[in-house]
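Subject: Structure handover and findings

Dear colleague,

Please find the structure below. My notes on it follow.

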Amino acid sequence: MNGDTYYIQAPTAIKAPLSNNKFKILEASYPITPIRDSEHFMVSAFIDHRLDGVIRVISIINRNHLQPLYCVYCNAEQVCKTVHTEVQIHSDHFGFPYGASDVICKGKPMTDATHVLITVKKDSADLKIEYLPIKNKALQETFKFNFTVCISNLFGDYNNVLQFAQTMEMYKLLGVQHVVIYNTSSGPDMEKLLKHYETEGILEIVPWPIDQFLNPSSGWNIKLHKGDIQYYGQLVTLNECIYRHMYQSKYVLLNDIDEIIMPYKHATLQSLMEDLQSAHPSIGVFLIENHIFPKTQFEESGKFKRAEWNNIPGVNIMEHIYREPSRKNIYNPTKMIVNPRKVQQTSVHSPLKHFRGSVLVPFNVCRIVHVRVPLQGSLTKEQLVVDKRVWDFEQELIHNIDHTLKLSGFLKASV
C-alpha cells in the first residue's frame with residue numbers, strides 16, 4: 001500500500017502461455033462489465049503510449065475485497081497471452097467501498113493484441129467471457145476536435161432542459177466541437193433534447209447503467225449520502241473520458257452540467273488556450289475557479305424572462321447575473337481544462353497523477369459560471385457581484401437557443 005493506492009500483483013511471475021484455440025472473441029456489450037468471480041468491474045481498455053505501451057484498464061475495484069488479478073490479451077488470430085497486473089486504486093475515493101482504479105497489465109503486450117480480459121484466473125483464455133476492445137492503439141499527433149467537454153453523469157431523471165440548451169449553445173459559441181455525457185437516467189423532455197444534439201453530431205452519449213451493478217451514492221460525502229461508490233461513479237467517468245479522447249481532442253474540459261468554463265478576456269476558448277499555452281508551454285493542466293450565481297436571485301429588468309421559454313423546464317441562466325463574492329481564506333474549488341496526454345489520473349477538482357504540473361488560471365482571465373442553489377444563502381442581492389458576461393453573447397445565443405428548441409420540438413417553428 002502506498003498512501004491510498006493499492007498494488008496487487010500475482011504471487012509469482014506468469015510464463016504467459018499461448019493458446020491457439022480458435023474462437024470468436026466476444027466483445028463487452030455493456031460499458032460496465034463484471035469481472036467474473038470477483039466484486040470488481042472493468043470499464044474500458046487503452047494502450048498507454050507514455051508508459052512504454054502498457055495496457056491500462058479503467059476499472060471499478062472493491063477496496064475491501066482485493067485479490068490478485070490477471071490480464072488475458074488476444075489478437076485477431078485468437079492467440080492469447082496471460083500476464084499479471086498492478087491494480088492502482090485512485091487515492092480519491094471519498095471513503096466509499098468502490099473506487100475508480102486502473103488495472104495495469106504488466107509486461108509488454110502482444111503488438112497485435114485487439115482485446116483484453118481482466119480475470120482472477122491465470123489459466124488460458126475463456127471463450128465464454130466478454131473481452132474489452134483495446135483502444136488508442138495508434139499514437140496520434142493531429143486531433144479530430146480542439147475542445148471536448150466531459151460531463152460526468154446524468155442521473156435522477158435529470159430534466160433541466162433550458163439550462164442544458166443554453167449551456168450547449170454557449171459552449172458552441174466558445175468553440176467547443178464535442179460534448180460527452182455519461183447517462184444513467186434523464187427525464188422525458190431531456191431525452192428529446194439529447195436526441196437532437198446527438199443527431200446534430202456535437203453530442204456523444206455514453207450509457208452509464210451503474211445503478212444496475214451497484215448502489216451509487218448521489219453525493220460525495222459518505223456520511224450524508226450512503227452507497228457503494230461516490231456520485232454515480234463520477235471519478236470513473238471523468239478518467240474514462242480523458243482516455244477515450246486522448247488522441248481525439250487537443251483539450252478536454254472537465255466540469256459539471258450546470259457549469260460553463262467562461263473566458264473573460266478572450267472571445268473563445270481557442271484564443272484563451274493559445275495565450276495560456278504560450279505563457280506555460282509545458283503545462284497540461286489548467287485549473288479554473290468555480291463561482292456561484294444563485295438561481296434564487298433574478299435580474300430586475302426581466303429583459304431575458306422570455307415568454308417563449310416559460311414552458312421549457314429548467315433554469316434560465318440569463319436571468320441570474322449576481323455572483324457570490326469570494327471569501328477571504330475560503331478556497332474556491334476548481335474544474336479543469338486539460339491536455340489529456342499529460343494526465344494519468346484525475347479527481348474532480350484537480351489531477352491525481354500528471355506530467356509537467358498545473359497552473360491556476362487567474363480569476364479575471366477565466367472562471368466558471370455556475371448557476372445553482374446559493375452557497376452563501378444569507379447574502380442579499382446588494383451583497384452579490386453583478387456579472388453579465390453571458391450577456392456579451394446575447395443576440396447570437398438567444399437565436400441559437402430558440403433554433404435548437406424549435407428543432408427539438410419545444411417551440412413552434414413560427415416563434
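I begin with the largest pocket. The largest pocket is lined by 41 residues, and D256, E259, N290, H370 and R372 lie nearest its centre. A pocket here is an open set of points, on a 1 Å grid over the protein atoms alone, where a 1.4 Å probe fits, with protein on both sides within 12 Å along at least five of seven lines; lining residues have an atom within 4 Å of a point.

This is a predicted model, in which local features need pLDDT of at least 70 and side-chain atom pairs count only at pLDDT 80 or more, while totals for chains, interfaces and linings use all residues. Residues are numbered from 1 along each chain as its sequence is written, and side-chain values use heavy atoms, with hydrogens and water left out.

The space in the largest pocket comes to about 1000 Å³. Such a volume is the space filled by probe spheres set on the grid points, which are joined across faces, edges and corners. Strands β9 (145-154), β14 (285-294) and β20 (366-372) each supply at least two residues of its lining, and β9 gives the most, with four. Helices (H or I, at least four residues) and strands (E, at least two) are DSSP runs numbered from the N terminus. By class, the lining of the largest pocket has 18 nonpolar, 15 polar and eight charged residues. In this count Ala, Val, Leu, Ile, Met, Phe, Trp, Tyr, Cys and Pro are nonpolar, Asp, Glu, Lys and Arg are charged, and the others, Gly among them, are polar.

Across the two, 28 residues of domain 1 are in contact with 37 residues of domain 2, where contact means heavy atoms within 4.5 Å.

Where does the second largest pocket lie? Domain 1 and domain 2 both give residues to its lining, so the second largest pocket lies between them. It holds about 230 Å³ of space. Of its 16 lining residues, Y30, P31, V43, K135 and R244 are the closest to its centre. At least two lining residues come from each of β2 (41-48), β8 (132-135), β11 (203-207) and α3 (234-244). The lining of the second largest pocket divides into eleven nonpolar, one polar and four charged residues.

The cores

In soluble globular proteins, nonpolar side chains tend to be buried together. A nonpolar core is taken as a set of buried Ala, Val, Leu, Ile, Met, Phe, Trp, Tyr and Cys residues joined through side-chain atoms within 4.5 Å. Buried means under 20% relative accessible area, exposed over 50%, and partly exposed in between (1.4 Å probe, protein chains only).

The largest nonpolar core has 65 residues, and F164, V179, M262, M318, I337 and L405 have the most contacts inside it. Helix α1 (residues 161-174) gives the largest share of this core, nine residues. Beyond its neighbours within four places in sequence, F164 is in contact with I181, M190, L193, L194, Y197 and I257. A second, separate core of 34 residues includes I58, I210, Y247 and M336.

Helix α1 also holds Y171, which counts as buried at 2% relative accessibility. Leaving aside neighbours within four places in sequence, the contacts of Y171 are V149, V176, L253, N255, E259, I260 and I261. Y171 and F147 are 24 residues apart in sequence and 9.6 Å apart in space, C-alpha to C-alpha.

Residues in loops

- Q376 is in the loop between β20 and β21 (385-386). Q376 is buried, with a relative accessible area of 15%, and, neighbours within four places in sequence aside, is in contact with E324, P325 and R327.
- K108 lies in the loop between β6 (98-105) and β7 (113-119) and counts as partly exposed at 48% relative accessibility. The C-alpha atoms of K108 and D52, 56 residues apart along the chain, are separated by 8.0 Å.
- D37, in the loop between β1 (33-34) and β2, has a positive phi of about 60 degrees although it is not a glycine. D37 is exposed, with a relative accessible area of 52%.
- N136 has a positive phi of about 60 degrees and is not a glycine. N136 is found in the loop between β8 and β9 and, at 14% relative accessibility, counts as buried.

Regards

Terms used:
Domains from an automatic or database assignment.
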